[in-house]
Amino acid sequence: MRPWKAFVAVGIVLLAVLAACQKELSADGEVVAQGKQKVNIYLTDDPALFDSVVVNILAVKARVDTCSKSSDDQRDDDDDDSCEVWFDLNISAGMYDLLRLRNGIDTLLATGTIPQGKVEKVKLVLGTGHYLVKDSIRYPLNMMPGRKSEIMIKLKDDDWDRNNSNNNNRVWLDFDVAKSIIKVRDGQFYLLPVVRPFSMVKTGAIKGKIMPLDAMAVVSVYNSSDTAFALPDKKGEFKIRGLKEGTYSLFVNAGNNYRDTTISNIAIRAGKETELKTITLKK
């Protein structure tokens with residue numbers, strides 16, 4: 001082989017290797033510059049018995065303790081507050097129908113590359129024009145009187161999924177609609193947001209299917225310290241995420257004269273998805 005052909009061949013091999021490495025990096029998350037971290041914040045929903053619940057989200061901000069070298073660092077409360085800095089994250093501002101984000105569905109709400117340090121809080125800045133739809137009727141959904149148009153969420157290290165090899169971090173925000181809406185009287189509702197952060201790696205999930213569809217089932221999963229809800233989709237399928245590791249019971253509240261059903265001793269493991277056999281309700 002001529003020297004120039006050998007050189008070209010080696011170059012092609014090197015390009016192939018580099019391309020393969022780049023694919024691995026892309027699949028594992030974007031590599032960010034030294035001294036920076038990338039955060040991705042996902043929004044999902046713990047549902048309620050409404051047709052739609054729409055909130056107007058204008059901005060998402062993250063507060064970082066820039067004096068801490070890692071998320072594990074602890075500082076005293078009387079340490080310099082100048083270390084704590086708010087950063088704006090990138091977001092598609094607008095109206096979000098929370099009830100579309102259930103049964104394992106979520107959306108990337110905000111993302112950004114910010115200085116390394118402990119992300120202590122996330123703040124969702126809300127606009128106006130929130131509303132809900134119940135029985136096909138639309139009602140305005142105003143903030144509770146005296147409450148700011150923002151949601152402040154405290155974060156612990158266990159709430160994050162971290163990839164330390166490339167400084168990519170993810171957290172999920174579960175907007176608990178059932179607890180967030182206060183009914184004052186018929187046709188008048190207020191918004192008092194309740195949002196719970198969780199990690200997909202450090203919590204577990206449960207999924208299943210309930211038949212027949214006309215049972216109009218409501219699913220609750222519970223133990224002595226935790227309760228979560230689901231409304232099966234048009235196929236009867238449901239999924240609940242963000243459950244702490246432990247043993248749970250599942251209760252199916254059935255309608256249309258179908259009998260309620262309880263399943264006990266369901267083991268939930270961190271980072272795992274527990275799948276149940278199809279639950280067939282009877283009258």
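Residues are numbered from 1 along each chain as its sequence is written, and side-chain values use heavy atoms, with hydrogens and water left out. Because the model is predicted, local features need pLDDT of at least 70 and side-chain atom pairs count only at pLDDT 80 or more, while totals for chains, interfaces and linings use all residues.

**Strands around β9**

Strands are DSSP runs of E with at least two residues, numbered from the N terminus. Two strands pair if DSSP finds at least two bridges between them. Strand β8 (residues 131-134) runs antiparallel to strand β9 (residues 137-143), with four bridges. Tyr131 has Pro140 in β9 as its bridge partner. β9 also pairs with strand β14 (residues 188-191), here in the parallel sense over three bridges. Met143 stands opposite Leu191 in β14.

The hairpin of β8 and β9 has two residues between the strands. In that hairpin, Asp135 takes a positive phi near 55 degrees. Ser136 is in the loop between β8 and β9.

**Backbone geometry**

Most residues other than glycine have a negative phi, and most peptide bonds are trans. Ser136 has a positive phi although it is not a glycine. Asn257, also a residue other than glycine, has a positive phi too. Asn257 sits in the loop between β20 (246-253) and β21 (261-268). The peptide bond from Met211 to Pro212 is cis, with omega near -5 degrees. Pro212 is in the loop between β16 (204-211) and β17 (218-222).

| Residue | Phi | Relative accessible area |
|---|---|---|
| Ser136 | about 70 degrees | 68% |
| Asn257 | near 70 degrees | 69% |

**A buried and an exposed residue**

Buried means under 20% relative accessible area, exposed over 50%, and partly exposed in between (1.4 Å probe, protein chains only). Is Asp176 buried or exposed? Asp176 is buried, because its relative accessible area is 10%. Asp176 lies in strand β12 (residues 168-176). Its side chain reaches the backbone nitrogen of Lys179 at 3.3 Å. Asp176 also touches Asp46 and Val194 (heavy atoms within 4.5 Å), not counting residues up to four places away in sequence.

Thr128 lies in the loop between β7 (118-126) and β8. Thr128 counts as exposed, because its relative accessibility is 64%. Thr128 and Met95 are 33 residues apart in sequence and 9.7 Å apart in space, C-alpha to C-alpha.

**Pocket and cavity**

On a 1 Å grid over the protein atoms alone, a cavity is a set of points where a 1.4 Å probe fits but cannot get out. A pocket is an open set with protein on both sides within 12 Å along at least five of seven lines. Lining residues have an atom within 4 Å of a point. A volume is the space filled by probe spheres set on the points, which are joined across faces, edges and corners.

The largest pocket holds about 590 Å³. Its lining has 25 residues, and Arg102, Met216, Leu231, Pro232 and Asp233 lie nearest its centre.

How many cavities of 30 Å³ or more are there? The count is one cavity. The largest cavity has a volume of about 130 Å³. Of its 16 lining residues, Asp45, Asp174, Lys239, Ile240 and Arg241 are the closest to its centre. The elements that give two or more residues to this lining are β1 (36-46), β15 (195-198), β18 (227-230) and β19 (237-243).

Note on methods: Polar contact = N/O pair within 3.5 Å; in protein donor to acceptor, adjacent residues only side chain to side chain.
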